[in-house]
Amino acid sequence: MTHPNHSSAHRTKSRKGEKPGWHSYRQALDLLRQQEWNGALRLLAEAEVVFRTTNDMDGQWRALAAQAEIHMHEGMAPQAMARALAAMAIVEHLDDPQTCGLLAWRIALIALHQGDYRVGSAYLQRAQFCLDMADAAPPGGILASAAQICAEIARWQQVILQGRMTVDEGEAIINEARAELMRCLLDIHRALTSRDLAPPESWAWVHTGLLPPPPPMLTAVPPRSLVQRFRAWWQARFAPPSPPKRPVVVEPISAEETYVGDEMLAQVETVDREEDTADEHAAVMADHRSDTQEQDRSPAGAANDTAPMPGIAGLTVYTFGNLRVYFNDTLIDQWEGVRSRSLFRFLIAHRRAPVSKERLAALFWPDSEPDLARRSLHQAVYCLRQTFKRVMGDTPVVLFVNGCYALASNLPLWVDADAFEESITAARSAWSRGDIESALRAYGRAIDLYQGDYMAEERYEDWAEERRRTFQAAYLEALHQLARVYQERGDYPTAIMLSQRALAVDSCDEDAHRVLIGCYAAQGLRHLAVRQYQICVATLKSQFGLSPSDELEAFVRQVVEGMN
């Protein structure tokens, strides 16, 4: 079947008045119809360069999307994801929610094909939002339902990673969720293909098996909800004589908790300021009484007043990306007051030592008079305690000792930043003694933990900046080490994926550009190697007015001459 805009009489002829690049693009579509993938990929790369040069955004995203489909057809998922994300970055500047939604759907499928459920969840949510705007979404909010299942799977994976559940137990639950996800994805696919959504021409000719393979399970078993799955695991794990008074529920990760290479929406805390003003005196008095009582108790004694809930107990805190805090795997998503969330972020970052009330008051209310700043601090601490009291009862979290605030020292606490530092330290130690395999595993754990910039919501606060840069440098170190090893071993798709993640953090990273150029060249993809070099040159020039280093220039000449 021929697309109406590309009749056979005009497939390869350049049309009068046609903008640059479109002739190559139409030729590529002809080759796609004939399933000549390599020829089509070459023409699409040429068209993309022309489109970028002439600032033809419509042509550029189409060429990138078509390349993504071809890469997926050839089993090169990292390259496909890179091209699809580049296409999405362009589409976001166009007033076309339908195309944005369809492209988000394709990106989600690529992510799921790679086993990245966090990214899949984020882009399924985006597809739902955009297609809703275009009045083209599948019925019943099924895209959002699929996103929630992906988030649930990602959450279980994290629980397994933390060692709070055995692999066998976790995989049983995950497989059940994946079966439900497969049903949703197939329903979405049928709904989208049954509607006249006029997808890009390239999608009509490339048929890729993007859906992840179904897990080995009994399909006759009816799907269970997240709560049912958790309770089944809980009973099998602990076999309590009677149900707990407050059943523990693992909340799925919301779309705001997933990274993807694009910006995430920060949670906005709202508060009725008139009510705060009216209640301020009561809050200060209550907090003062609490502080006075705590002066006579040691942090250890305070923490033991209430026994933690059985099973998965304590606080789990994610500081990479937007702050997420869980108690017994229940997400704390409602924070009292305006400053309580920021105050908790600071206390988590500085939990090794108590922080004086004077420092906190000056930091968060620098323009207020000392007395007003102190009252504002009392109000924020009171709201923070109320936030945790709602889910933890009387278990103390924030203590006031000797004029300083601190988190309870023996409160069960897991923080991703601590695990990240431990993984990086273990990787460096293993690397220094020549244990490369152990180093690779430790670096891999660190990369999995890094879900965005450290304390991303405090991007402009000086107190977070130093650690943010330190963590980012360690993350890039892990990506570089892994990418080089996988490149040397001939695992080019993995090396490419890791280098692309490095460029997402620092687009001027010459080490990442070099690995990408070398991987493309090793696979005979000369046009991609040259284009990656062009991207490096343009990025360095636009951001710093610099040219690539002499070492990179020599490397590129050697690679290109070798391919010639």
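# Questions about a predicted model

Visitor: Why does Ser 423 count as buried?
Guide: The structure is a predicted model, in which local features need pLDDT of at least 70, side-chain atom pairs count only at pLDDT 80 or more, and totals for chains, interfaces and linings use all residues. Buried means under 20% relative accessible area, exposed over 50% and partly exposed in between, with a 1.4 Å probe and protein chains only. Ser 423 therefore counts as buried, since its relative accessibility is 6%.

Visitor: Which residues does Ser 423 touch, not counting those up to four places away in sequence?
Guide: Ser 423 has its place in helix 16, residues 416–432, where helices (H or I, at least four residues) and strands (E, at least two) are DSSP runs numbered from the N terminus. Touching is a matter of contact, which means heavy atoms within 4.5 Å. With residues up to four places away set aside, Ser 423 touches Ala 442, Arg 445, Ala 446 and Leu 449.

Visitor: How far apart in space are Phe 320 and Asp 453, C-alpha to C-alpha?
Guide: Phe 320 sits in the loop between strand 1 (315–318) and strand 2 (324–327), and is buried with a relative accessible area of 0%. Beyond its neighbours within four places in sequence, Phe 320 is in contact with residues including Phe 420, Leu 449, Asp 453 and Phe 471. Although Phe 320 and Asp 453 are 133 residues apart in sequence, their C-alpha to C-alpha distance is 5.4 Å.

Visitor: What is the order of the strands in the open sheet of three?
Guide: Strands count as paired if DSSP finds at least two bridges between them. Strand 4 and strand 6 (residues 404–407) are joined by two bridges and run antiparallel, while strand 5 and strand 6 pair in the antiparallel sense over four bridges. Strand 4 (355–356) and strand 5 (398–401) are the edge strands, each pairing on one side only. The order of the open sheet is 4-6-5.

Visitor: Which residue of strand 6 is the bridge partner of Val 401?
Guide: Strand 6 has Cys 404 and Ala 406 pointing one way and Tyr 405 and Leu 407 the other way, all of them buried. The hairpin of strand 5 and strand 6 has two residues between the strands, and Asn 402 takes a positive phi near 55° there. In strand 6, Ser 356 has Cys 404 as its bridge partner, and the bridge partner of Val 401 is Cys 404.

Visitor: At about what angle does helix 13 run to strand 6?
Guide: Axes are lines fitted to C-alpha atoms, for helices over the stretch in contact, and angles run from 0 to 180 degrees between N-to-C directions. Helix 13 (residues 340–349) lies across strand 4, strand 5 and strand 6, and its angle to strand 6 is about 80°.

Visitor: How do the residues of the contact of helix 21 with helix 22 divide?
Guide: Helix 21 (residues 526–544) and helix 22 (residues 550–563) pack at about 160°, with their axes 11 Å apart. The contact is made by residues including Val 530 and Tyr 533 of helix 21 and Val 556 and Met 563 of helix 22. By class (Ala, Val, Leu, Ile, Met, Phe, Trp, Tyr, Cys and Pro nonpolar; Asp, Glu, Lys and Arg charged; the others, Gly among them, polar), the residues of this contact are seven nonpolar, no polar and two charged.

Notes:
Residues are numbered from 1 along each chain as its sequence is written. Side-chain values use heavy atoms; hydrogens and water are left out.
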